[in-house]
Amino acid sequence: MRLSRQLLSFLLVIYAASISVAATWGFEDATVSVNKKGAGVGGGFKEKIGENKALSKPIALGASETLKILLTTKEDNKAKRPHQAFLLVKDPQSNLDTSFAFQVKENGKGKIELTQKDLPAQLLSSTGPLDASLVIASFGSTKPYSVKAFDLAVELDSGSPLPSSEKPLRYGKLPQIHHIFKSDPNSPPKIITLIFTAAVVAALPVLLGAWISLGANLNHFSTAFSSSPIPHALFFCSILAIEGVFFKYYTSWNLFQTLPPAFGIGLVTFLSGSRALREVQGRRLAGLR
Amino acid sequence: MLALDPRSYGNEKSAASLMEEVLILLLGCISNRGYKLTFESPKNDKLALFQHGERAFDHILLLPQKSKGTSSPANVDDFGLPNPGLGPALTPKLLVQFINQNGNILLTLSADYPTPTSISSLLLELDIHLPPDRDSLVVDHFNYDAASASEKHDVLLLPQGSRLRSDVKDYFGGDGTIAFPRAVAQELGNSNPLLAPVLRAKSTAYSYNPKDEADVVEDPFAVGEQISLVSSMQARNSARFTVFGSAEALENKWFDGKVKSVDGKDCKTANREFAKQIAAWTFMELGALKVGRVEHHLSSITGDAAGNDSVAQLGYLNPTIYRVKNEVTFNIEISEYSYDHLSHLKIDPSDALQLEITMLSPYHRLNLIPISQTPNSTTFSSTFKLPDQHGIFSFRVNYKRPFLTNVDIKREVTVRHFAHDEWPRSWEISAGWVWIAGVWITIAGWVAFVGIWLWSEPAYEQSKGKKMQ
């Protein structure tokens, strides 16, 4: 029993070892360089990329620069051409990605050139650096390789505008809109209104005072009422009533409620007025006025 | 429902066997749900999608067609065209007409059976692009079934349930793994909001043509997550069209199959569940919304009364006219169909059902809040103040979301000005006090003047003489 268990563990170790030495895809002699258009060879940035590790510093790619990667792909330490040799560029913020295929020769030598024009607008407009990974894989059981190689910082030319990446229409929630109402009409401060109202109201006592100081009086009241009491009472009261009708019209009545009483009272005013004014005329002719 | 099996092109026997292989499970779970199935070959002369101008079928399931090149020699009668399409009854125009008449189509593709040009042109019309090489298939050297495709890597293993957006309902979710053998890549146009990918490939996948002699891929048709393996299109009339990239994934073999991932883990496939979700969505069993009562009334009328019935009883429901600045309450009841019953609609907090108060353009756009819910409906409500603009307004609920049928409800109302007796009275406006006082003081002065004129005695004696002159 123990023996069989030992045998089993031994077999497991062998199996694990065989997995660890299973063939894998990889590369060697990888260099990444950034060259400016027109600049001579070796003028730009150049760096070696090691297998299974990323460059510590991000690589800047300017508007007129070309990123070039040269490498030799290997299967199990032998140079060989894989079916898939991609540079996978991914925006870690939006999770958008795209791949660019290497041109790989029979002997595994691969080359890729990348400019800003090749990158889609969605990646160009990313604010942070992009993750660039090398993906080398092919058919069969050889383990594929996909490890981040470097950060790619796209430096946009401030002069030339970004290729328009207008957001396409997608159905979704829209921003809320709240109608902005016209502001209510406002009144001046109440104190000012009250001062002027007081001035207007004060005009009446001033007027009456002026009349009294000029000698206005009601001395003929008894004379008038003794000679023709009904016309005088009706005339003055009907004038007051008309003002009362106007007050009702101002507060609650509509025009159709207002007009009949106004006509009725107006008739009373007309008839009683002619009598009352005849009495006034009589006083004038008697020399009392 | 019409299930079209174009693989039976002149070969009835293979049709039968393929039907057994591919269809029984998928269609079994469909027909269990009460569908009546009709199997037709496009070769059938009597096949017609329309009868008397109306749809003859509710749904179509199109299966991949055996290419002419691989069919038996007896069939090669129109050899001039390698793959003429689906025959006169299924031209792209007729299929589009079928969609326009609210018919749903589930189209399955397969890399083993080159896609007919008529299908490609139909898809092109919908802004879904297929690889120009008709034999292309999708491979992923990182996510494949190590048990069945250890060499070719063309059986993709994909996790179920990648949500399209956080605010979109997850109809195709789950924890399972989907096996996707020999899939045809689709690329979706960016400008069409009616399209939505359902299942996308992983970022290391790419599409290539296995018949291409080159042993390295240099210009792949599509790479990474831009490859849509299952795409959906919901037309403006809510008719649904689904492109399923791998007909083989619907076969018996994969429905309850076992697969082995690259790192050696065995797991069961979730193809059965996924196929059920896809078929249910395409055939309007999922994500179909139904609008119940749509009501609006003056907010002040409800008062303390509970529920809207009291408003209805009072006869104040859905008036045709409101006044500017009225407080109005709008209620809408929506149900969602779920497989075999109506259920209440639940909206994700990151999404919102919105009400627009529009005249030409929206004056208000407000989120409707769920206020009550029954087992098969939810009532959403919003209370708002009408804008201070008179005219013909509409209360519009325009709810268009991926995977949900479109809701576009409009209720037109007249919004009138203040009537002359609805304004504040003059004495309520402090600025008017001066003028009001002026009017009444004038009146009082006039009355006093009348009294004095009638009854005053002349103030001075001399005036007599003057007057006499």
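The structure holds 21 salt bridges over all chains, a salt bridge being a side-chain nitrogen of Lys or Arg within 4 Å of a carboxyl oxygen of Asp or Glu. This is a predicted model, in which local features need pLDDT of at least 70 and side-chain atom pairs count only at pLDDT 80 or more, while totals for chains, interfaces and linings use all residues. Residues are numbered from 1 along each chain as its sequence is written, chains are lettered from A and ligands numbered from 1 in the order in which they are written, and side-chain values use heavy atoms, with hydrogens and water left out.

The side chains of A:Lys74 and A:Glu28 meet in a salt bridge, with N and O 3.8 Å apart. This pair links distant parts of the chain, as A:Lys74 belongs to strand S4 (residues 65–75) of chain A and A:Glu28 to strand S1 (residues 25–36) of chain A, 46 residues apart. Helices (H or I, at least four residues) and strands (E, at least two) are DSSP runs, numbered from the N terminus. With a relative accessible area of 10%, A:Lys74 is buried, whereas A:Glu28 is partly exposed at 33%. Here, buried means under 20% relative accessible area and exposed over 50%, with partly exposed in between (1.4 Å probe, protein chains only).

Another salt bridge of chain A joins A:Glu75 to A:Lys80, where the closest N and O atoms are 2.9 Å apart. A:Glu75 counts as buried at 14% relative accessibility, and A:Lys80 is partly exposed, with a relative accessible area of 41%. In the salt bridge between A:Arg283 and A:Glu279, the closest N and O atoms are 3.0 Å apart. Both of these residues lie in helix H6 (residues 255–285) of chain A, four residues apart, or about one turn of the helix. A:Arg283 is buried, with a relative accessible area of 3%, and A:Glu279 is buried as well, at 12%. In chain B, salt bridges that share partners join B:Asp112, B:Asp154, B:Arg182 and B:Glu248 into one network.

The two chains also meet each other. In terms of contacts (heavy atoms within 4.5 Å), 76 residues of chain A touch 79 residues of chain B. The size of an interface is often given as the accessible area lost when the parts come together. Chain A and chain B bury about 6900 Å² between them, 60% of it on carbon and sulfur atoms; this buried area is the accessible area (1.4 Å probe) that two parts lose on being put together, summed over both. In chain A, the residues that lose the most area to chain B are A:His83, A:Tyr171 and A:Tyr250, together 12% of what that side buries. One salt bridge is found across this interface. The side chains of A:Asp184 and B:Lys325 meet in a salt bridge of 3.4 Å, N to O.

Turning to chain B, its secondary structure comes to nine helices and 26 strands. Of its 469 residues, 53% count as buried. Among contacts in chain B between residues at least 6 apart in sequence, 71% join residues at least 24 apart.

Helix H2 (residues 92–100) of chain B has B:Pro92, B:Leu95, B:Val96, B:Phe98 and B:Ile99 as its buried residues. These residues lie on the same side of H2(B), because they cover an arc of only 155° around the axis, the arc being that of the directions from the helix axis to the C-beta atoms. The face turned away from this buried side carries the exposed residues B:Lys93 and B:Asn100. Just after H2(B), B:Asn102 takes a positive phi of about 70°.

Strand S20 (residues 327–338) and strand S21 (residues 341–344) of chain B pair in the antiparallel sense over four bridges; two strands pair if DSSP finds at least two bridges between them. B:Tyr337 stands opposite B:Leu342 in S21(B). Two residues separate the strands of this hairpin, and B:Tyr339 in the turn has a positive phi of about 60°.

B:Ser299 lies in helix H6 (residues 299–302) of chain B and counts as buried at 17% relative accessibility. Leaving aside residues up to four places away in sequence, B:Ser299 touches B:Glu327, B:Val328, B:Thr329 and B:Thr383. B:Ser299 and B:Val328 are 29 residues apart in sequence and 4.9 Å apart in space, C-alpha to C-alpha.
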